[in-house]
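Biologist: Could you walk me through this model, one question at a time? I would like the cut-offs along with the answers.

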Amino acid sequence: MLDEKLKGFALVRAAVRNRKTTAMLVLGFGSGLPFVLLIGTLNAWLGELKVSLATIGVLSWIGLAYAFKFLWSPLVDRAQLPLLSRLGRRRSWLVLCQGALAVLLWMLAATDPLTAMGTFAAIAVVAAFLSATQDVVMDAWRIEIADEAATVELLSAVYQLGNRLAALSGGALALVLAARVSWPTVYFGMGFAMLGVLTMTLFTPEIKRDLEDERSPLAGHAVPRPRERAIALGIVAVCWGWAIVTLGSFMVAALRPLAPGETAVSAGVFTQTMGPWIIIATVILPALIAGWTNRLPHIDGGEQQRQGALQTTANHCYRALILPLAEIVQRLRWGAFLVLALILLYRISDSIWAPFAFPFYLEYLQYTNDEVAFASKLFGVIMTIVGVGIGGLMLATLGRMPTLLAGGIVAAASNLLYADLAMGGMWIDGFARALMLDQTGVDLRMLRLMLAISGENIAGGLAGTAFVAYISSITSREYSAVQYALLSSMTFLVGALGRAAIGEALDRVGYAQIFLFTTALGGVAVVLVLIEWWRGAPKAPAIVLGPEEPAARLT
């Protein structure tokens, strides 16, 4: 027994000393920094400049790059970059993304959002795309480079640690610095931080490419004939292409300067008229197409291997985009649509208003940067960890579906805390007095913010833990990572689509009414959980039928 413990400690010590873990920590930081700067902190900058909430809502659509990243992951996985290819397949993409992100952060710092919002938005869109692409590469590198000393589990934990450090740097530290220097200066400095990550990337190890897998990506899989595969892939590509072009066109129209007398386009009208069609094009139709492929005659995917680069790329795309969804539909049948609806809506009460958190704290409630940095990014992180711990305990004692239901309820109810905060915090103050928290010496106004953030972050940690467990439980081991990436990406979709309309509504009716509305939206997710529980939550098949794919990070 003692020998086993000593052996375990030796492995941990070797892993800590292993340069792979050091590289993973830095790469995790490099992954999290642009994400928090583009999706969260950027809104604090825009809020300080009094940019309208409707505009902030539209600009928040750049976060869809992280939801859509699985679409171009096959290309990133295979393509060799000219000139940089000598660095290796993974390193070359990382160096390209990180160098470009540093430059783009400097360009954001040099662009005035008030006078050049269109240019500012375009830079942010490109930066989000490159940041999401960097995540695709890191996910693959983490799986490929693992060994007995630096295991996948250890590297994943180190990666998350790097992400948390980036969240503190790009969130709390950025807010504190912005109170003392300008926002452009902060972003300029963060660009140099990305150059530091790039420097570390040059020393990360690489592994040899699996040429056989690249030549025959469908080997070992039963798939329809090439013609039917091409039809299925073409329809799905057209659906996704139409959705992306539609969203991009509206962003351009919404963010461009208005001519004298011209009326701004309405995000609310766009969401009501086009939002359902976008969901149909990106979720419903692909699921139906995947179901159609299940009914076709199948052949061994390893046949007809020598089809050229174009066919091989198409096969990679089919394996990444169609096969995982086809397996879900085949296993769950019509229940797959209930599962997809639950995944789309479970975190909507949080995600739909997330971009407006900093404007709410800083501009509406008039808290200082330092106060928000402490309450949200330091104290709030601790409360999230508490929520994760509660979620883990509930999963171990009560099971998956009770925990999922509890998470949905508290996530929706936590929005009532913010509604009360927007209306003056009467109920929060009463709670503080009942527990004599007002006797702790903490300023009552600051205590009010900390209690609201505590409730929301504990609920978010609990709901997030339950949700990850649920997605993992319905994921097939054969397509584990790809299905997880696909399903987790869907969680961003509805919330992101609704943000532009929410921003417009915030300018019109205020925060309190919107928080009551998001509470009701969370109630829809609770109803779906109850239906899923009553129906009998699906389980993934226990038999491994094929090779696993590299795992993807949930952003």
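Modeller: Gladly, and let me start with a definition: contact means heavy atoms within 4.5 Å. This is a predicted model, in which local features need pLDDT of at least 70 and side-chain atom pairs count only at pLDDT 80 or more, while totals for chains, interfaces and linings use all residues. Residues are numbered from 1 along each chain as its sequence is written, and side-chain values use heavy atoms, with hydrogens and water left out.

Biologist: Of the contacts with a separation of 6 or more, what percentage comes from residues 24 or more positions apart?

Modeller: The count takes in contacts in the protein with a separation of 6 or more. Among these, the share from residues 24 or more positions apart is 86%.

Biologist: How many helices and strands does the protein have?

Modeller: Helices (H or I, at least four residues) and strands (E, at least two) are DSSP runs, numbered from the N terminus. On that basis the secondary structure comes to 23 helices and two strands.

Biologist: What percentage of the 555 residues is buried?

Modeller: Buried means under 20% relative accessible area, exposed over 50%, and partly exposed in between, using a 1.4 Å probe and protein chains only. Of the 555 residues, the buried part is 54%.

Biologist: Which residues does Leu-42 touch, not counting residues up to four places away in sequence?

Modeller: Leu-42 is found in helix H2 (residues 19-48), and at 1% relative accessibility it counts as buried. Its C-alpha lies 9.6 Å from that of Gly-171, 129 residues apart along the chain. Leu-42 touches Leu-37, Leu-59, Phe-120, Ala-124 and Tyr-187.

Biologist: What distance separates the C-alpha atoms of Pro-224 and Pro-297?

Modeller: Pro-224 has its place in the loop between strand E1 (222-223) and helix H11 (226-255), and is buried with a relative accessible area of 1%. Leaving aside neighbours within four places in sequence, its contacts include Thr-293, Pro-297 and Tyr-318. Pro-224 and Pro-297 are 73 residues apart along the chain, and their C-alpha atoms are separated by 5.9 Å.

Biologist: How many salt bridges does the structure hold?

Modeller: Side chains of opposite charge can pair when their charged atoms come close. Here a salt bridge is a side-chain nitrogen of Lys or Arg within 4 Å of a carboxyl oxygen of Asp or Glu. The structure's total is seven.

Biologist: Why are Glu-327 and Arg-331 separated by about one helical turn?

Modeller: The two side chains meet in a salt bridge at 2.9 Å, N to O. Glu-327 counts as buried at 12% relative accessibility, whereas Arg-331 is partly exposed at 23%. They are about one turn apart because they lie four residues apart in helix H14 (residues 323-332).

Biologist: Which ring does the charged end of Arg-445 sit over?

Modeller: Arg-445 also forms a salt bridge with Glu-371 (3.8 Å, N to O), linking helix H21 (residues 444-473) to helix H18 (residues 369-397) across 74 residues. A charge sits over a ring if NZ of Lys or CZ of Arg is within 6 Å of the ring centre and within 35 degrees of the ring normal. The charged end of Arg-445 is 4.0 Å from the centre of the ring of Tyr-367.

Biologist: Are Asp-429 and Arg-448 buried or exposed?

Modeller: Their side chains meet in a salt bridge at 2.9 Å, N to O. The pair links helix H20 (residues 426-434) and helix H21, with Asp-429 and Arg-448 19 residues apart. Both residues are buried.

Biologist: How many aromatic pairs are there?

Modeller: Rings of Phe, Tyr and Trp (its six-membered ring) pair if their centres lie within 6.5 Å; planes under 30 degrees apart count as stacked, over 60 as edge-to-face and the rest as tilted. By this rule the count is 26.

Biologist: Is the pair of Trp-334 and Phe-337 stacked or tilted?

Modeller: Their ring centres are 5.5 Å apart. The planes meet at 25°, so the pair is stacked.

Biologist: Which residues do ring pairs link into a cluster with Trp-353?

Modeller: Trp-353 and Tyr-418 form a tilted pair, 4.9 Å centre to centre with 55° between the planes. Both Trp-353 and Tyr-418 are buried. Ring pairs link Trp-353 into a cluster with Phe-360, Tyr-361, Tyr-364, Tyr-418, Tyr-511 and Phe-515.
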